[in-house]
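Student: Can we go through this one together? I'd like to start with the domains.

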Amino acid sequence: MSAVYDKVAELLSDKFGVPSEEISPEATFEDLDLDSLDLVEFALAAEEEMGVRISDEEAEQLKTLQDTVTLLESKGAKVGGS
Amino acid sequence: MTVTRNHDPVAVTGLGLVTPAGIGVDASWAQILSGESAAAKDPNLEGVSVDISCRVPGFDATELLGRKHARRLDRFVQLAIVAAREALADASLDSQTWDGTRVGVVIGCGMGGAATWEEQHRRMLEHGPDRVSAMLIPMLVPNMVAGQLAMEFGAKGPNLVTATACASGATAIGVARDLLRGGACDIVLTGGTEAGLTPLSIAGFAQMGALSHRVDDPASASRPFDSGRDGFVAAEAAGVLVMERPEDAAARGARTRAHLAGYGASADAFHATAPDPEGAGAEAAIRAALADADVAPSEVTHVNAHGTSTPLNDVSEARTIKRVLGDQAVVTSTKGVTGHSLGAAGAIEAAFSVLTVEQGLIPPTANLESQDPEIEIDVVAKAPREAKIEVAISNSFGFGGQNAVLVVTPA
């Protein structure tokens, strides 16, 4: 998987306490027991770590982690060394 | 108007404690009996003029609650959930099988999520309002502790938080008792919680002159009724009691640890932080509690005092005890060990009163080396004292002049 996916997985594990074995590209936020408030938190963390902003409207459309990674990559998310 | 008084007691069938004296009733009670103070230097308070406190030792929320659960809860809720789990287990109640619609929750709390507030405020100042956590409000508001306990245990009856500062925990237990007497629920989880040991709130208490300045010898700082007392040591804690009407407890074969026989409340209507020097408000609360329990002042043989270790409270409270109850009451302040856990104090001390009555063992007041000559009451020092106690009271007096007194009697 991509560096952005790895970063998303790391954020979910470190900041949201999601067990790493539950994390997969197909997993939905609902599967991971993360609600709309968690999504707002996740968007803040993603902005801090990867320098791109996810709007509330975009966040509402996100279902799976793969959707999230695709959106972040399309926005030019940068991971590591920056 | 004539009011017909209901003097019925309620049964205390479960206890849960998370205190600076230990996690769990057994650990907490053992240190309370030892009379060893829990106060210590607090690295989180570095730079504050008073950098000592009484923290719950070794409380690992991630281990106890799971990381996913713990990170969404402020510490004041984390402490309360752990205490409530113990209290339910102690009462042999299973939240999977009970009728949750008949279970109430009434918890006292003075400050709510102080640490969350400070952390997010710092975040806003440093990074702007758009970086403030969406969890700020649900983590910070004081009522959330009762809401979270409802979610944790499926308790769907009346659910609220009481705020009477340092009396909040005792007020909660009194209000919970009234819900049982009135038939609004059949089981109530009640008590208090506080986790406000943050630099801002401790700086505030220090600026008021309320805290002990014995920062170089923390273990000796909380010394209720002692000549050398100079203020309280702030603490964090949670205490939860399970209460039921005695007939319900008997019907399910529950063990009753003690009875909550009375509750009385009053306001000083005097000053924001100083107690009424004559103790009129405290006296009114004690008399109301005794009338509620239908016992005479001369029948009270034990007082778990508010006993904060501040110069003003202890002398005013001692005079009130002597004037209202006479000389037969044997007094202790467990705050010598635990420090002052503010909104939790009335609840953990109600639990200690239950244990005292149940075991016939009055814990000593830590650090009572030289009793203030102005304090002319019998205060237990050095070692626990054995005594058969028929009527005990637990005093709680809050800033704002809000007073709550509970009466505890043997089962």
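**Domains, cores and chain contact**

Tutor: In this predicted model, the C-alpha centres of domain 1 and domain 2 of chain B lie 20 Å apart. The bounds, 10-251 and 262-409, come from an automatic or database domain assignment. Local features need pLDDT of at least 70 and side-chain atom pairs 80 or more, while totals for chains, interfaces and linings use all residues. Residues are numbered from 1 along each chain as written, with chains lettered from A and ligands numbered from 1 in written order.

Student: How many residues does the contact take from each domain of chain B?

Tutor: Domain 1 of chain B gives 61 and domain 2 of chain B gives 57, contact being C-beta atoms, placed from the backbone, within 7 Å.

Student: Which element has the largest share on the domain 1 side?

Tutor: H8(B), with 8 residues.

Student: New topic. Which residues touch the most other members of the largest nonpolar core?

Tutor: Ala80(B), Leu149(B) and Leu406(B), out of 132 residues. Such a core is a set of buried Ala, Val, Leu, Ile, Met, Phe, Trp, Tyr and Cys residues joined through C-beta atoms within 7 Å; buried requires 20 or more other C-beta atoms within 10 Å. The core draws at least three residues from each of domain 1 and domain 2 of chain B.

Student: What does Leu406(B) touch?

Tutor: Among others, Ala170(B), Ile173(B) and Tyr263(B), leaving aside residues up to four places away in sequence.

Student: And how many residues does the contact take from chain A and from chain B?

Tutor: Chain A supplies 8 and chain B 7.

Methods. Contact = placed C-beta atoms within 7 Å. Buried ≥ 20, exposed ≤ 12 C-beta atoms within 10 Å, placed from the backbone. Helix = DSSP H or I, 4+ residues; strand = E, 2+ residues; numbered from the N terminus.
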